[in-house]
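Please read the points below with the structure open beside them. They go through a few elements one at a time.

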Amino acid sequence: MKEYIRDVPDFPIPGIVFKDITPLLQHPAAFKQAVEQLADRVRDRRPQIVVGIESRGFIFAAPVAYLLGAGFVPVRKLGKLPAETVTVEYALEYGVNTVEMHVDAIAPGQRVLVMDDLLATGGTAAGTIELVEQLGGQVVGAAFLVELTALKGRKRIPGHEVISLIQY
Ligand code: AMP
């Protein structure tokens, strides 16, 4: 799958090497393999809900939830969700961000898997886990297509199983 992930230097700001997954998404066999391998790697966590992080997290979280017979819940950027929300602000590899989730998206005690396309510093995943836990959800793991290991994102979410298919 690494063949289909493209490095774009200095995007979105100078000094960041952006891992562009759009070539993988447009290649039918690579996309299928990514979704199926992610589902296979998280199946034993028995999630009832897969939380996808806007926006590239949605691309993987929704088909994985479908394959596992779980529900899908979106975590979105501030102001996009129509009903009552819980909100968290966190630092990114580049800049800050605020995300939110509907207050009734997760029932207390539900087994929740958090999913995004890429784990960098772990700020986004840590913020999302905080939202899930605020609602009483039980986080059973965090899964990513790509992990940038040098940024030590795993350390930002101690105590949680981290699953990634591709490491740089
Ligand atoms: P972080 O909170 O630092 O773990 O950043 C993860 C989020 O930012 C994910 O939603 C990624 O899509 C995006 N991201 C951060 N760094 C990169 C990168 N070098 N290439 C592509 N996406 C990135």
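This is a predicted model: local features need pLDDT of at least 70, side-chain atom pairs count only at pLDDT 80 or more; totals for chains, interfaces and linings use all residues.

1. The buried residues in question are Gly-123, Thr-124, Ala-125, Ala-126, Gly-127, Thr-128, Ile-129, Leu-131 and Val-132. Nine of the 12 residues of H4 are therefore buried, so the helix is largely enclosed by the rest of the structure.

2. The length of H4 can be checked. The helix covers residues 123–134, and at 1.5 Å a residue its 12 residues should span 16 Å. Its end C-alpha atoms are 16 Å apart, which agrees. Just after H4, Gly-136 has a positive phi of about 90°.

3. Helix H2 (28–42) has 15 residues and reaches 22 Å from its first C-alpha to its last, close to the expected 21 Å. Its buried residues are Ala-30, Ala-34, Val-35, Leu-38, Ala-39 and Val-42. Seen down the axis of H2, they fall within an arc of 165°, so they line one face of the helix. Pro-28, Lys-32 and Asp-40, on the other side of H2, are exposed.

4. What do the buried residues of H2 pack against? Their partners are helix H1 (22–26), H3, E7, E8 and E9.

5. The largest nonpolar core has 28 residues, and Phe-60, Val-64, Met-115 and Leu-145 have the most contacts inside it. At least two residues of this core come from each of H2, helix H3 (56–68), E7, E8 and strand E9 (162–167). H2 gives the most, with six residues. A second, separate core has 26 residues, among them Val-51, Val-88, Ala-105 and Val-139.

6. Met-115 deserves a look of its own. Leaving aside its neighbours within four places in sequence, Met-115 is in contact with Leu-38, Val-50, Val-51, Gly-52, Ile-53, Gly-57, Phe-60, Ala-61, Val-64 and Ala-143.

7. Asp-117 lies in strand E7. Is Asp-117 buried or exposed? Its relative accessible area is 5%, and residues under 20% are classed as buried, so Asp-117 is buried. The side chains of Asp-117 and Arg-56 are joined by a polar contact of 2.7 Å. Neighbours within four places in sequence aside, Asp-117 is in contact with Ile-21, Arg-56, Gly-57, Phe-60, Phe-144, Leu-145 and Val-146.

Notes:
Residues are numbered from 1 along each chain as its sequence is written. Side-chain values use heavy atoms; hydrogens and water are left out. Helices (H or I, at least four residues) and strands (E, at least two) are DSSP runs, numbered from the N terminus. The expected span of a helix is 1.5 Å times one less than its number of residues. Buried means under 20% relative accessible area, exposed over 50%, partly exposed in between (1.4 Å probe, protein chains only). A nonpolar core is a set of buried Ala, Val, Leu, Ile, Met, Phe, Trp, Tyr and Cys residues joined through side-chain atoms within 4.5 Å. Contact means heavy atoms within 4.5 Å. A polar contact is a pair of N or O atoms within 3.5 Å; within protein, one must be able to donate a hydrogen and the other to accept it, and residues adjacent in sequence count only if both atoms are side-chain atoms. The arc is that of the directions from the helix axis to the C-beta atoms.
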